[in-house]
Every structure is written in C-alpha cells, then in structure tokens.
Amino acid sequence: MINATQHAIWILEQSGRAGSAYHLPMRIALRGPLDVHRFLAACRSVVARHRLLGCAIVEHRDGLALVPAMVPPPVTHLDLSNRPNQADRAVRHEILRGFDLRTGPLIRFTLITLGPSDHLLLVVAHHIVFDGHSKDVLVCDLAAAYNGDELSALSEPDLANSPVTAAAAEFWQARVRESYDMALPALTWPDVVGLGEELALELGGDLAAAADAAGTTRFELLLGLLHVLAFRYGNAEVAVAVDLSTRTSESENHIGLYVNEVPVVSQPAPELTFQEFAQHLRAELREIYRFRDIPPARAVGGLKPQLALCPISLSYRKRGASPRFAGLEAEVDWATFNHAARNPLHVQVVDGPDRLEAVLRFNPGVIGSDDAKRLVGHLRSLLRACRANPQTRLNALPLLSDEERDLLLARWNPPTEPYPELTVPSLIEEQVRRTPDAVAVVAGDVRLTYAELNARAEHLAGGLRRGTVIGLRLPRTADVVVAMLGALKAGAAYLPLEPGLPRERAEFILADSGAAAVLTSSLALDSQPPNLADRRAQGLRPGDPAYLLYTSGSTGRPKGVVVGHRQLAGFLMAMRDRLGCSSSDVWLGLTSLSFDISMVELLLPLICGARVVIVPDEVRTNGPALAKLVQDNGVTHIQATPSGWRVLLDGGFSDPSVVAICGGEALAPALADELLQCTGTLFNAYGPTETTIWSTVAEMRPGRVTIGRPLPGTRVYVLDEGGGLVPVGVPGELCIAGIGVADRYHERPALTAERFTPDPNGPPGSRLYRTGDRVRWTPDGELEFLGRTDCQVKIRGHRVELGEIESRLLDHAAVRHAAVDLRSDVLVAYCVTAQPVDDTDLRMHLSALLPEPMVPGVYVLLDELPLTPNGKIDRRGLPDPPTTRDLGPVEYTGVAAVVFAIWCDLLGLDDIRPDESLFTLGGHSLTIMQIASRLRDALGVDIPIDVFFDDPTINGMVQAVSHTQAAG
C-alpha cells in the first residue's frame, strides 16, 4: 500500500494534470577519468539498496475498491543512457519525459559525455518515491558504491499513514481550506501544470545577517519575508505552503517520500515590527511541527487533490558537504529545475556549507516575466530593510525600487501643460463668435443655432441669482441645454433632477441642497436677454460651483457632490483633446440629465462648435427607433452605459463611422468585442462623480478590456490600505488627483475629509479622491478594473468578486445581461438571455471558468434587469429567488441511479443534488478511486480520472459513462 501523500500524487498523475511537476532532477558534473561500467554498477547498487526506486505502482484490490499499491517488478531494468555532445537537449528531454508508474522503475540515469574527461550525470526520480533529502542519500551512496564500498541492504522504509488524532483534526480544520484566495501580480491560478521559468534570487550574505538581526533561522526569515510580501500585496490573510520533513532517525538514510506540504497561515498586523511578526510566525511553526506527520488533506474532509496547496510555496533544505568520487572532481547541482510550475510562485532554497542556492520559480502563463523580476526586486528590498532594521513596522517596509516608483508616478502619470482656467460659458461663447449660424442643438423639429442657444441661455441667466442652486427637472427637449447653459452663465449651480425620481428622494435632495428654484417645464423664453451688460459685469470665476449632483450613499442617504467651473471646463478640454473632437462631430444626447456623463454629450460638442441631437424620452429605450434617429441625423459620436449600448445593438444599430464611448458600468469583454465589430472606434471611459465625470479613457482592442490611462491633467494612483503605492499588477484602491477632483460634498465636512485627502505625490496643496474601486496596473501602463472594494463577499472563507462572476456569465453566448448578488449566504445569478437556457448549462459554463466557490447556486432568468434612472443595474430591485436550494428528493434513473447509489454509500448521504460537487460533499482522493472502481464493477467502464477534476458531479459522472460506452 502507499501512504496518503503518495496517493494524492498518484491521483494527480492519473488526471493528466501533473506534467513534470513531480519529476525531481539532479545534475552531477564529473571531471576526470570516469569508469563508465563501474559507474553503471554503482547506479544499480543504489537502486538495489533502495528498492522503492525500482518499484512500480499498480492497482490492488482492497475490499470493494481498487487502490494503488507499490510492488517490485519481476526484473528491474536499469540502463545508464549515454548521450554524447547533446547536453542541453538531452537534459531537458529527460527531465520532461514522463514516467510510467505502472511499470517502473521510478528513477532514471542519463550520462552525457561532453569530452574525454568531462561528463554530466542527470538523475531524474519521481517524487512519489523521492524527496529533497533523498538527493543527499543517493549521491552519498552512489559515491560510496563507485569508490568500492559495498552497500548493505536496508530494511523496508516505513511510509505508513500516521493516525489522525482529534487534536490534529481540530488543528488542521482551523487552518486548511480547498484554496487560499490571495492577491498577487496575477489573478488566475490554473489547475494544470504549465512549463515554468526561474530567476535567481541572489540573497547573498543578506539572508544570514537579517536572520541574526531578527533572531530567527534562515528558513523562518525567508518564510516571514514571503508572508510580508503577500501582505503588502493586499492580503489580510496569508498562506504559504512549506515542505516539512517527516523523517525519523530510522529513516535518515532511506530514499523515499518523507515530506508533507502544509500551509503556514498568518494575519499580519501593519503596526507589528518585522521582528515581532517573525516571532509570531516562529510560534506558529512550532505548533505546526506537532502535526507535521499528518497530511492536512487527511485530517480535513472534502478537499480536492491539488497540484499545489497555496499560490506561494517555499522549499528550504540544508545539505552537507558533497561526497567525493575516487579520481574525479564532482560538482552537484542540487536544485536542477524540472521546468514545471505547480503554482504561481515557488521559492526553492538549498543551503549548503559552501553556498546558498535560491531561485524563484513561476508560471509565466500566470505571472509575466517582467512581473516576476519586479517581485524578486520587492523581495530583495524587504530583505535589505529587515537586515538594516528588523524593528521597522510591516506597513513601512520599503517595497518598490526607485525605477518602479518613477514608472508609476512619472512615466504612467506624465505631466501635461496645464489648461487655462476658463469656464464652459466662455468656451461656448467663443464658438458663438466663430460660427453663430451653425446648428448647435437638434431636438425633434427644433433646431437651435449657436446664436439662438446663447441668446436663450443669456435670457434665462438674467433671471437667476448668483450663488444659488437651481433644480432642473425638464423633459428631454432643447430647453435642457438652454437651462444648463443659462445656470452656468448666471453663476448658479444647477441641480439635475430626473423627472421620474421618487417623491421622497426628490424632496430630500431639494431640502438638502437648499435649491432656490426648480425649472420643470418649457422655458418659453424671449430671444433678447435683459440686463446682459450688468450680469456680465458681475464676473464668473473658475472657482465658482458649476453643478451639484447627488449620488447614492453607503448609508442610504444621498450625498451631493459640488463641482466647480474649473473642474468642468478642464475636464471638457481634456476630453476634447483625448478624443480629437472637431466642429464636424454630431453627438447623441442620450443619457439622463441626472447622470453626470450627460454633460459629455451636451456640453463637449458645444465647446468644439459641433452639434448635439437630443433623444426624446419615448425613444431612449426603443432600440429600433433609437438606431433610426442615429442614422437620420448622421450621428458620429455615441456615449452610453453597457445597458444603453445593448438597447442600441438589439435595435439593429451598426455604423462603422461612429465613435463609441462606453462607461458608467464595467464593460464586459463580449460586449466590447461586439461593439468593435459594429462601430469604428470604441473608448471605454471610467470616472466617479467626485472627480468630474471621466478620469481615465482606453481605446479598446479585440480581446482586452481596460479603463486605460489618465486624461490630461489627471493623476491616478493605485494604493494599499496604508496609502502606499502598490506594485504593477497588484490590486489596490484607485485614487485620483488632478484637475477634476471636486470641491467637496455638500454640507458633509466629515465625509469630505474622509474621501478627499492630501495628495502626497502631487504639488503642494493638491488633493486626491479615494474611489473605493479596485484596480491594478497592467504591464503596459493601463488600468484594469476589478470591482468595488465594497462589492466583495465571502463564501465559505473565499473572497468573491461579484463583478468577475458577472463578466464570466456574459461570456456565455446566450446571456445578454447579468447581475450576481448574495442572498441568504447563497450566490444568485440573474440573467437576461437571448435564447432559452437552463440552470445546468449556465452552471457548467461557469464551472469551466471559475473556482467552485464562485459558481452561483441559484439562477433566475428575467425579461430585463431593473435599472436606476442613470441606466445602471439596480441591485436593490433584483427580486428574491424563489428558493436558494431545492432540498427535495431527486428521481434518478438508469446510469444516474447507479452513480447516485454509489455516491450515497461512500459519502454516507441520502440526498445528493445532481450538480453538487463531490468535494463539497466531503469526498477526497481515496473516494475518487473508490467511485471509479465501483463504476467499473457495476457498469464495466473505466472513467477517466480527469472527470473528477473537470466536473465532479453526478451529472458529470453520467456524461462520462455515456461517452465511454459510446466510444467502446
């Protein structure tokens, strides 16, 4: 029989996911007159002494199940391959070449002749019978045998399972989970091994000196550095997997698998010094050592066999002096790379008497090479700081290099020539002087020239009082533009009010704002403005408030954002330059006035001498009518939310001459690709109300969605909880500074002080706004939106980003709109589909893209999603699901009934839903073998092991049986 650790490796090998992850290679350079025949005899002597190396692993009947067992083959075939002058190719080939565990042997030797007195021995053993210390034993025995010593026989090593005590079960239960959700410079974590890369860490003398300063061992110091690194990447809880030896004095000289991988979990506190944290971690290790003999997966039920326990892992091994081969100079490469990456980041350290070898191994498909190089730099920065002063607090330890700081602060926030401090009225009046007879506004049959628009706005401004707040609650006619411009000219901040706004909310906003008046119907203005000279003499200053816009508050109380003329004019000029706007443009006035992005559609064209076409209320949600309005008016620029764009696309819109701008909500990749096919150019815009409409803009390319780079005059930072810059690729909170930062929240000084804070990286007196949005820098200097910091939920200990699930739902061909919410601790997916689709199809789609905890348990199909007046998803308006889970009995027939009976018997259950995961129900690696064996006996089919990883449900088993029977 084999033990639990070996069993897990066996299962993963059978699944086809392991690649060369469990190949342990080692190279020995030999210089001198090598006796090849004598060397081959030494290799055979080593295998004869350590019988595990020559074994095979075959299935063995244990009661009703077939389980793997270690057996010696009838004849051990062991050849010492000789590959002259093919060093690099041969080494790589032999490292990657698979083992047939069913036939053995589980080790191979390759001798490469480089010259008459220059040879390279490559040893590759399978981890199922080998570990790091086994390398020392093998080299020592190999040298002894070559030197003429006789290797005595060893007793069979004891690889049996240690009993799981109640204390061990309780200990691991509190620390072990199926996966640890940790932020790194990448977010994906594949369950299939990819070809890896490695970088030298070059820790030098810093490691020993820092360990001495902190009062730790080198291993403890390295482990502490990795925990702090992950903590500084934004992880409140950190888990790093470590290999712990389970050897005893009796097994010290045996070759075998005497290692358990265990998680070391911490919750670093930012105010702790590194030395204090290292001592806490040291105490945790002492507790773990008590249970190192018991694999956590054996003590905690319901864990799926995994290639890696944590996203970050550390292997640290001390070795003695290298043995001598008679007549030869030998140099051993103890840390030869197997070219595999089981997890995103693995640190491998071999600490010898003459040197310390340390490398970072990573999966380039998950973390780019440049990201990995920066990560190495971060680790070195932390190490140097800890050596210099281990009393430094964790959140104050330097992380970024000077080069990376310059990248984030200067190269990706390039300084721009400041815009002149103007106002929107002055910019529009300049266009009036240039082209007074050009059409400015089209609304149905009404067409206003620039001169007519200006005259009406001047007339209205003459009747408004400077410094007041004027509510605008108007139908969608040309008067909307007149009212906006008139209020701006008068120096009265305008307050947009949606006509359909609920009475209670409207009354609160009017009372809170202190609005002096509300314009609610047609303005019916004369063409001549009264007292124009007197009003202009008052002077309009860039610092005066331009508008007051109310947004939803986290406490349920709306908050008013005060934006000045300086911010509004500066934003419009920056947007004009970013999009390359001109007088020939025709913009669609589609968005509700209560949504600040409407100012882009209504005011940006007017400062450029262009035209705006107002969409009537009755057309805004009528896709075909909207598409016709665009075509009839020669519209060149359309801005809409994703929901608004869906209305247009469903209405048949397609025009390759149109410039499209999308914003207000996260842009799904599927919608972006569709828009790119239907329009000429697509921009994705991002910005909160508090930083004046849009702050960043990205020009979209197929297959990629970002929110781009800052607009001219805007600076953006990605910060951690302590306000420090986070590295490239690491999630953090987006903070925005520059010309667009609003003045304040209306009558909310405490909230203003909390969200608008000094900008430590900007000019004296400048401020930044903390958005509460999670983003990260891409390697090419664009921002990737990850969701809200307050839209994360916890499911069974996993941090789940609702926006990520929604994005993956939208990847389904049938799904047009999607929203996900947490109801009664169950994730519920709300979908609007273009064609019939059932729950199973959606669940299977998500299961292939997301970890199991992120797959919703309930699916609700709607005709449409509830929207706010601004066109965003109204999450509060999503209906309660009829039930979170149907616990009633399920009628199984045929093959499903057989599978159901086997599962119930093995899991001790009598109610299993056809789409429930085996591992959620408490299954483990042994259960996989038992189910496969039972199905073989009952139905005569061999189910591929990878089915248990791809779809570990009764439905998945039934489908696999059907495919297998059909293929047979």
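1. The model is a predicted one. In it, helix α12 (residues 424–434) and helix α18 (residues 598–607) have axes that come within 8 Å and cross at roughly 50°. On the α12 side the contact uses Val424, Leu427, Ile428 and Gln431, and on the α18 side Leu603, Leu606 and Ile607. Sorted by class, the residues in the contact of α12 with α18 are six nonpolar, one polar and no charged.

2. Helix α1. This helix spans residues 4–14 and is mostly covered, with nine of its 11 residues buried. The buried residues are Ala4, Thr5, Gln6, His7, Ile9, Trp10, Ile11, Leu12 and Glu13. The list includes Glu13 and His7 as well as Trp10.

3. Ends of α1. At its start, a side-chain oxygen of asparagine 3 lies within 3.3 Å of the backbone nitrogen of threonine 5. Threonine 5 is itself among the buried residues of α1. After the helix comes glycine 16, with a positive phi near 80°.

4. Open sheet. What is the strand order in the open sheet of six strands? The order is β8-β15-β14-β11-β9-β10, and the pairing is mixed. β8 (197–200) and β10 (259–266) are at the edges; each has a single partner strand, so one side of each has no neighbour in the sheet. From one strand to the next, the twist averages 25°.

5. Inside that sheet. Strand β9 (residues 238–245) pairs with strand β11 (residues 312–318) in the parallel sense, over three bridges. In this region valine 240 is opposite isoleucine 312 of β11. Helix α7 (residues 218–232) lies across β9, β10, β11, β14 (345–351) and β15 (356–362), and runs at about 170° to β11.

6. Strand β25 (residues 637–640) is covered on both faces. His637 and Gln639 lie on one side, Ile638 and Ala640 on the other, and all are buried. β25 is joined to strand β26 (residues 655–662) by four bridges, and the two run parallel. Across this pair, histidine 637 stands opposite valine 659 in β26.

Conventions:
Residues numbered from 1 in each chain as written. Predicted model: local features only at pLDDT ≥ 70, side-chain atom pairs only at ≥ 80, totals over all residues. Heavy atoms only, no water. Axes fitted to C-alpha atoms, helices over the stretch in contact; angles between N-to-C directions. Contact = heavy atoms within 4.5 Å. Nonpolar A, V, L, I, M, F, W, Y, C, P; charged D, E, K, R; others polar. Buried < 20%, exposed > 50% of the residue type's maximum accessible area, 1.4 Å probe, protein only. Polar contact = N/O pair within 3.5 Å; in protein donor to acceptor, adjacent residues only side chain to side chain. Pairing = 2+ DSSP bridges.
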